[in-house]
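This briefing goes through one protein model by topic. Please keep the sequence and the structure open while reading.

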Amino acid sequence: MKSSDYKKEARKDLKGKWLRCVGITIIYFLIIFILGYIQGILPLRLEFLISILSIIIGIPLAFGLIASFFNIYNNKRTNVFDFISLGFSHFGKAWSIFFHTLLKMIVPIIMIFCSLIIIAIALSSLIVSIVIKSSVMLTLILSLIIFIAFGVYIAGLIILIVKSYFYPLSYIIFAESPELSTREILSKSETLMQNKRAKLFILQLSFIGWFILSFFTLGLGFLWLIPYIQFSTFAFYKNVKEEKLSDKSRQDLFMNCTKISRKK
């Protein structure tokens, strides 16, 4: 299937469901806005605590949003506030998936973090060396360090993006099969995304025009765009899962035929 096929299927599945999905998105953004507003009017010490609270509740709320949309996608009864209870009733598991996903990408994260520190130190040293007119050799060495560190940063960023595309289906899998462990969820996402990462990337990239248009509507367009993207991702998930099951069935059939032929 092409990106246009997933989007077409999403629009079809959203018929009669737009109002609920937009309502859920409004409530979700309202919570984020209220936390941001409170953070802005409080003293610096309390502002830090609110920012920590926003991060803590942000992960389960994000899962609750996906889970609510997924329930609507599957024609389950869902009201606009269900994403809050869905998120907080699975608070620990939502954070576990997020944390273990970060661990899976720890190498490129370390590469990016360390390279940025080296660039900052080397760049400040280079500026000082130029100001005080140090030796040309020192300037060249510092420039080389910055160049290499920047190369490591770009490499780490590319690896991080490529590796992260193994896990975008994790919360959908969790919403569908909450009985699975965190390890099983991530493993299933890796399996489903094998040779499918570019396809999802192209699908997400196809929404760039809608993103730009949403900005011109003072952000109101995002109320419709977020459900649209999510339902397109659900269509992608359903298609990928069916393909993998079909491939597995063919492999099992081939193995069975091989065993029969060997017996003969």
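The model is predicted. The protein has 12 helices and 0 strands. Its radius of gyration is 24 Å, whereas a compact globule of 264 residues would have one near 18 Å. The largest pocket has a volume of about 600 Å³.

**Overall build**

- Read from the N terminus, the order of elements is α-α-α-α-α-α-α-α-α-α-α-α.
- The C-alpha trace spans about 80 × 65 × 35 Å along the principal axes of the protein.
- Of the 264 residues, 35% count as buried.
- The protein exposes about 16200 Å², and 73% of this area is supplied by carbon and sulfur atoms.
- Among contacts with a separation of 6 or more, 74% are accounted for by residues 24 or more positions apart.

**The largest pocket**

- The lining of the largest pocket consists of 22 residues. Nearest the centre of the pocket lie Ile66, Tyr167, Pro168, Tyr171 and Gln204.
- Which helices each supply at least two residues of this lining? They are α3 (44-73), α5 (91-104), α8 (170-176), α10 (197-205) and α12 (222-263).
- The largest share comes from α5, with 4 residues.
- By residue type, the lining divides into 16 nonpolar and 6 polar residues, with no charged ones.

- Thr25 is found in helix α2, which covers residues 18-41.
- Is Thr25 buried or exposed? Thr25 has a relative accessible area of 1% and is therefore buried, since the cut-off for buried is under 20%.
- Beyond its neighbours within four places in sequence, Thr25 is in contact with Phe69, Phe222, Leu223, Ile226 and Pro227.
- Gln230 lies in helix α12, one of the helices that supply at least two residues of the pocket lining.
- The relative accessibility of Gln230 is 15%, so Gln230 also counts as buried.
- Leaving out residues up to four places away in sequence, Gln230 touches Ile66, Phe69 and Ile172.
- Phe69 is found in both contact lists, that of Thr25 and that of Gln230. Ile66, which Gln230 touches, is one of the residues nearest the centre of the largest pocket.

- Most residues other than glycine have a negative phi.
- Asn75 has a phi near 60°, a positive value in a residue other than glycine.
- Where does Asn75 lie? Asn75 is in the loop between α3 and α4 (82-89).
- Asn75 has a relative accessibility of 62%, so Asn75 counts as exposed; the cut-off for exposed is over 50%.
- Leu218 likewise has a phi near 60°, again a positive value in a residue other than glycine.
- Leu218 lies in the loop between α11 (208-216) and α12.
- Leu218 counts as exposed because its relative accessibility is 79%.

Technical notes. Residues numbered from 1 in each chain as written. Predicted model: local features only at pLDDT ≥ 70, side-chain atom pairs only at ≥ 80, totals over all residues. Heavy atoms only, no water. 1 Å grid on protein atoms, 1.4 Å probe; cavity = no way out; pocket = protein on both sides within 12 Å on 5 of 7 lines; lining within 4 Å. Points joined across faces, edges and corners; volume = space filled by probe spheres on them. Nonpolar A, V, L, I, M, F, W, Y, C, P; charged D, E, K, R; others polar. Rg over C-alpha atoms; globule rule 2.2 N^0.38 Å. Buried < 20%, exposed > 50% of the residue type's maximum accessible area, 1.4 Å probe, protein only. Contact = heavy atoms within 4.5 Å. Areas by Shrake-Rupley, 256 points an atom, 1.4 Å probe, with all protein chains shown as cover.
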